[in-house]
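Me: I would like to learn how to read a structure like this one. Could you walk me through a few features?

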Amino acid sequence: VTNQWFLPAVRGDIPPGCAAHGFVCDGTRILVFGGMVEYGRYSNDLYELQASRWLWKKVKPQAPSNGSPPCPRLGHSFSLYGNKCYLFGGLANESEDSNNNVPRYLNDFYELELQHGSGVVGWSIPVTKGVLPSPRESHTAIVYCRKDAGSPKMYIFGGMCGCRLNDLWELDIETMTWSRPETKGTVPLPRSLHTANVIGNKMYVFGGWVPQSAGGEISSHDGEWKCTGSFSYLNLDTTEWIGLISDCQEDKSNLFPGPRAGHCAVAVGTRLYIWSGRDGYRKAWNNQVCCKDLWYLDTEKPLAPSQVQLIRATTNSFQLKWDEVPTVEGYLLQLHADSPVPPVAGTPVTGVPETSLLSSQGGCSLHQNPQPLPSIPYPELKVDHPSQTNNLIPNNVQVSLSSNSLLKVEGKEKVAAPENKITQETMKNHTDATGFKESNAPSLLPVCTSMKARDRRWYDVGIFKNNSAVVSQFYLLPEETLNISNKTEGADVPDYRLLKKQDLFPGTVYRFRVAAINGCGVGPFSKISEFKTCIPGFPGAPSTVKITKSVDCIHLSWEPPASPSGNILEYSAYLAIRSTQLQENPSQLVFMRIYCGLKTSCIVTAAQLSNAHVDYTSRPAIVFRISAKNERGYGPATQVRWLQ
């Protein structure tokens, strides 16, 4: 995101400049209908912009079979749902002389059917039941459909018909029935030239022209009016109004957008952007100042990122990444250090040669001699946190809109105290670099200890702007901070500059989790991933894995480890395959070795790929692992997901 405006080089049937037009966005195409194209002259032209090619086209819809097409107008609403646009109301000029404006408020209702991708079919005039909303212009209209049940409904709010309105109307689009829903809470003041946007199950209403005196509805045509910066939402499931910023709220610190009307607002995910508008300040009655500020509001905490993935590991660092979460300020990465777990004898896997079983629920690993799979660090292993208590949650966060596209987050954070601390017994058996006990029989290492039986002490690695990090240290919280009770509200935000850092140790298992941050605070944490740093003397993980596809096979290549710790004797490549174990426990991956040799590349045949397991944890992918061997043995594997 550059936060830079640019002027695209458009071509085709470029429309004239217009005001108070209808505007909908359907994927990469934009439809513009009507508006005032010059002073006193209104339009009923329809234009389509293909934004992928910046190509304008004037489109000519068929007239309705049961009436005339929409007359020229401005201040109408134009709403998209599915493959249809719904046009309601607006202001027409009764006079044929554009210099002699005789206003006529409209409450006609049209449906415009779109063709897939480009073009339109034509206008129709739906037959509706119930009482039609009264004529108006500069109102808002949104369409909402509950996820669980119910038909789509269009809501019309406010507008102007000589005086401002604050009535709410509902149209059931399936039955084409108009009604006036009963609402709870405080209805916003009558207004026009405001905006309304749907995010989740809420309709957010901002700004517009409202009566100068708040003492009830004003019916006088020439009453005093002012612009407002008030902000409310209507819960569309409960039809309850909730006020967020009142008309009389003072904002001396410029934390909120100033009063305005005729602005535009758009929802991107759960973020609401507000741009420009007129402030209504009368220097000489007609002289209004245009705002040129861009604001946004985060309405919900961000979603959890997908789990942390390993790019490469060394003896004292990891390079990690995770999927981006849209419209966030940054990411909080935390780690949890584990002690080794004593080995327990297990049951050997039979019938699948050269395979290894991995449990993503706890990092259990089972292998067959004589070829132990180099399976630690465990990339992409997931452990579900049994309780959703985040150890670092912003408390008492004030959300403020910012005019420079950087939303301010102010507040304090609380840190959860450690629970059920257990010192785990260290492994007494000799292990190789992969952490497996040397034995002639297969061994099972259960790391599947319940999280309740673990020390829940999570440490901050830091806050990262982008969705990747090189981790070689983490911050140690002072002991007195760790002992603060969960219920303490006033724990200070850690100042990382004052905290001591701890380096990562070789040959140690670390758990990682990541949470996204926006103006509402820190969102939920991702599922937990578990990786192990390399042991000195063993080779590091191969790097820069590349996968290219040809007609009947895949070409897999990689670069040698950055730290070979001696001569590389061979590489092994593995493919995650379908198996009965996977069907019984979908959280386990079974790997088959598809290559062993000195080359840093191999061919994966169509026959081998036909057995591949498709991992659907985020986007569908086939999973490969590659590891290197020196005189000491195999080092950690690099795991890659090849998106399908």
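Me: Are Glu 530 and Arg 511 buried or exposed?

Reply: Both Glu 530 and Arg 511 are buried in this predicted model. Buried here stands for a relative accessible area under 20%.

Me: What do Glu 530 and Arg 511 form together?

Reply: Here is the general idea: side chains of opposite charge can pair when their charged atoms come close. In this case, Glu 530 makes a salt bridge with Arg 511, and their closest N and O atoms are 2.9 Å apart. The pair links distant parts of the chain, with Glu 530 in strand β38 (residues 529–532) and Arg 511 in strand β36 (residues 509–518), 19 residues apart.

Me: How many salt bridges does the structure hold?

Reply: There are 17 salt bridges in the structure. One of them brings together the side chains of Arg 29 and Glu 48, at 3.1 Å from N to O. Arg 29 belongs to strand β3 (residues 29–38) and Glu 48 to strand β4 (residues 41–50), so this pair ties together parts that are 19 residues apart in sequence.

Me: Why does Arg 29 count as buried?

Reply: Arg 29 counts as buried because its relative accessibility is 3%. Glu 48 is buried too, with a relative accessible area of 1%.

Me: Where does the salt bridge partner of Glu 329 lie?

Reply: The side chain of Glu 329 meets that of Arg 271 in a salt bridge of 3.3 Å, N to O. Arg 271 lies in strand β21 (residues 271–275), while Glu 329 sits in the loop between β24 and β25 (330–337), and the two are 58 residues apart. Glu 329 counts as buried at 18% relative accessibility, and Arg 271 is buried with a relative accessible area of 5%.

Me: Now for sheets. What is the order of the strands in the open sheet of 3 strands?

Reply: In general, strands of a sheet pair through backbone hydrogen bonds, either parallel or antiparallel. Here the order is β23-β24-β33, and the pairing is antiparallel. The edge strands, β23 (309–313) and β33 (468–471), each pair on one side only. From one strand to the next, the twist averages 20°.

Me: How many bridges join strand β24 to β33?

Reply: Strand β24 (residues 318–321) is joined to β33 by 4 bridges, and the two run antiparallel.

Terms used
Residues are numbered from 1 along each chain as its sequence is written. This is a predicted model: local features need pLDDT of at least 70, side-chain atom pairs count only at pLDDT 80 or more; totals for chains, interfaces and linings use all residues. Side-chain values use heavy atoms; hydrogens and water are left out. Two strands pair if DSSP finds at least two bridges between them. Axes are lines fitted to C-alpha atoms, for helices over the stretch in contact, and angles run from 0 to 180 degrees between N-to-C directions. A salt bridge is a side-chain nitrogen of Lys or Arg within 4 Å of a carboxyl oxygen of Asp or Glu. Buried means under 20% relative accessible area, exposed over 50%, partly exposed in between (1.4 Å probe, protein chains only).
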